[in-house]
Amino acid sequence: MTREARRFEDTIPQLADTPVPDDLKAWIIDRMEMYPDKKSAIIPCLMAAQKTHGWLSPEAVDQVAAVMKLTPAQLVSVASFYDMFELEPSGNRTIYMCTNISCMLRGADAVMEELERQVGVKNGGVSEDGIFLRNFECLGACDIAPMASVDGHFVGPLTVEDAKTLVEDIRAGREVLAKKQLSRRPVAATLWQNGGRAEGYDVSEGGES
Amino acid sequence: MSYSDELLFDNIDEPNLKSIEVYEQRGGYDELKRVLRELPPETVLNELQASGLRGRGGAGFAMGTKAGFLPKGDMDKYLCCNADESEPGTFKDRELMQKNPHQLIEGMIIASFAAGINKAFIYIRGEYEDQADVLEAAAKEAYDKGYLGENILGSGFGVSLVVHRGAGAYICGEETALLDSLEGKRGNPRLKPPFPANAGLFQGPTLINNVETLSNVAHITKMGGAKYAEIGTEKSTGTKLVSISGCVQKPGNYEIELGTPSRELLFDLAGGPLPGREFKAWFPGGSSSPVLTPAEFDLPYDFDSIAAAGSMLGSGAIIMIDDSVSMVDVALRTAKFYKHESCGKCTPCREGTSWTVKMLQRVEDGLATPMDLDIIESVCDQIMGNCLCVLGDAMAMPVSSMVKKFRPEFEAHIEAARLKRTPLDEATLADELNLAEMATSA
């Protein structure tokens, strides 16, 4: 062992003095075993830690590092590449508003402005009651443009009025825009045969830019 | 000539098709059983090659040929299903995974069998949380039924499957960046060669295919490669899921026979332009494809016809732009996306996308001259073909096509915006000119 190698290893937090929530620890250990090389588990494990802690705080990174036996620097170098990792304090509810081309063509910018007004923060901000709002690149749901992802669930097409309802639903703890949940939308051929209506889903009114 | 029977979208909205019970009731996994019982791997590979199936992710490379590149012999080989669907305008894989995950898994098992693969992964973009949940549940069902794991159905063949979630990076849809990301690194593309077939994931032989491509596999072995090749055109076989979005009345995913006239897709299926508007331009294959104009509406929608018109079919994502939209806005938004998503590894892409955005912003703000348009085109020219991957090209191609095809609109915008300049803009411009003068005189 060279001296440098020892120093490098010294930066790995020791499990003995890094308390890790039991379920997070178990999850990380399981995940590492799924791959030929444990490092493949870095991104899923960081995401699990982020879900536990609300953001990738230094403590969250140390916990993953301690269980995976990797340096925090390596983990942060990976995390900083990806859009979904929050290296600063974030909220407990998340709105990603798509502002990419297809959504822009259908009026996403106006919906984003209204969301900023309703949440009470600018793009990238967190409201006092913990709603994190940011614009996002194409989320892969241009059929419901303009759309947003609320805690990972896609809703659309959004009108400016929907932006208000969306934030109200979040604050009331209700399902967000129940009639515009992508999960209830049939494929296009079926939906449009029925004039934009389907069971539990309705875009027959609104949705125009 | 449109193909009336749906393959991938057959009964797609049947309630709970995503569960293994319903999928099996509809004959799901019967084909896997037959293949493992009756066919040697070489025959399956031959069927895939005979089908002419071309990759549905964007490049359009022959899937069977690609699978045939993997070396033979006893070693760990990998299949990576590319479910990082991030190309703006593309949303077909999302629908397939959410509604019919077992079609994909069955296709992956058969493809693995054909190419002698023992470890499979689905790399799904992190934003698709609901869809990843569906896939994970489906994979578990398939394990419980013995369709995944070791010694599948007593055949002696085995393959494992892991659903791996990304965390938000367009570049991870590039196949070598996907591999790095799957190895737990930043998603930087690799230098090719070596190609993934020889040295891919963990430096082992790796086959990488798109969700839609793999979802076709069980259909191909079932109907026979030659029969599948009868659908579509000679060089673009099969059906294609087309994601139509933007300024149309009926956006969504449609399954069409390749070679269907584009006009039919845009007007009959997607319902044409919004009331009172007219189409002005369209992206035929995602936001990285050079834009086409209404003059090209009669092109057959297949790989070669769209390529011959100077664009590409890409992932099959059509984005329609109408006469209410400024092409400057479209170009700027497109360029901003690629600037944001450039991984920064290659200089032409990192700097080229960044400067293109700055120049288009000047056009937007009325601080540009028509000469800036020439510079934009020249920057785009110098990005293309000069990087490890095609992300930079993906910005350069559409942006330069917009500037070329809509140059009068860009020039009119520059002039109109110039007349609206504020004193603050004038001060900015004066500063810039001073700086430029200082630079030249120094």
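## Basis

The model is predicted: local features need pLDDT of at least 70, side-chain atom pairs count only at pLDDT 80 or more, and totals for chains, interfaces and linings use all residues. Residues are numbered from 1 along each chain as its sequence is written, chains are lettered from A and ligands numbered from 1 in the order in which they are written, and side-chain values use heavy atoms, with hydrogens and water left out.

## Aromatic pairs

A pair of aromatic rings is described by the distance of the centres and the angle of the planes. Here, rings of Phe, Tyr and Trp (its six-membered ring) pair if their centres lie within 6.5 Å; planes under 30 degrees apart count as stacked, over 60 as edge-to-face and the rest as tilted. The whole structure holds 18 aromatic pairs over all chains.

Phe267(B) and Phe297(B) are edge-to-face, because their planes stand at 75°, with the centres 5.7 Å apart. The pair links distant parts of the chain, 30 residues apart. Phe267(B) sits in helix H12 (residues 262-269) of chain B, and Phe297(B) in the loop between strand E8 (279-283) and strand E9 (300-301) of chain B. Helices (H or I, at least four residues) and strands (E, at least two) are DSSP runs, numbered from the N terminus.

Phe297(B) is buried, at 4% relative accessible area. Phe267(B) is partly exposed, at 33%. The cut-offs are under 20% for buried and over 50% for exposed, with partly exposed in between (1.4 Å probe, protein chains only).

Phe297(B) also pairs with Trp282(B). This pair is tilted: 5.7 Å centre to centre, 55° between the planes. Trp282(B) lies in strand E8 of chain B, so the pair ties together parts that are 15 residues apart in sequence. Trp282(B) is buried, at 0% relative accessibility.

Elsewhere, ring pairs link Tyr35(A), Tyr78(B), Phe121(B) and Phe202(B) into a cluster.

## Charges over rings

A charge sits over a ring if NZ of Lys or CZ of Arg is within 6 Å of the ring centre and within 35 degrees of the ring normal. Lys358(B) lies over the face of Trp355(B), 4.1 Å from the ring centre. Arg125(B) lies over the face of Tyr128(B), at 5.3 Å.

## Asn253(B)

Asn253(B) is in strand E6 (residues 252-257) of chain B. Its relative accessibility is 1%, so Asn253(B) counts as buried. The side chain of Asn253(B) makes a polar contact (N or O atoms within 3.5 Å; within protein, one must be able to donate a hydrogen and the other to accept it, and residues adjacent in sequence count only if both atoms are side-chain atoms) with the side chain of Ser243(B), at 2.8 Å. It also reaches the backbone oxygen of Phe91(B) at 3.2 Å.
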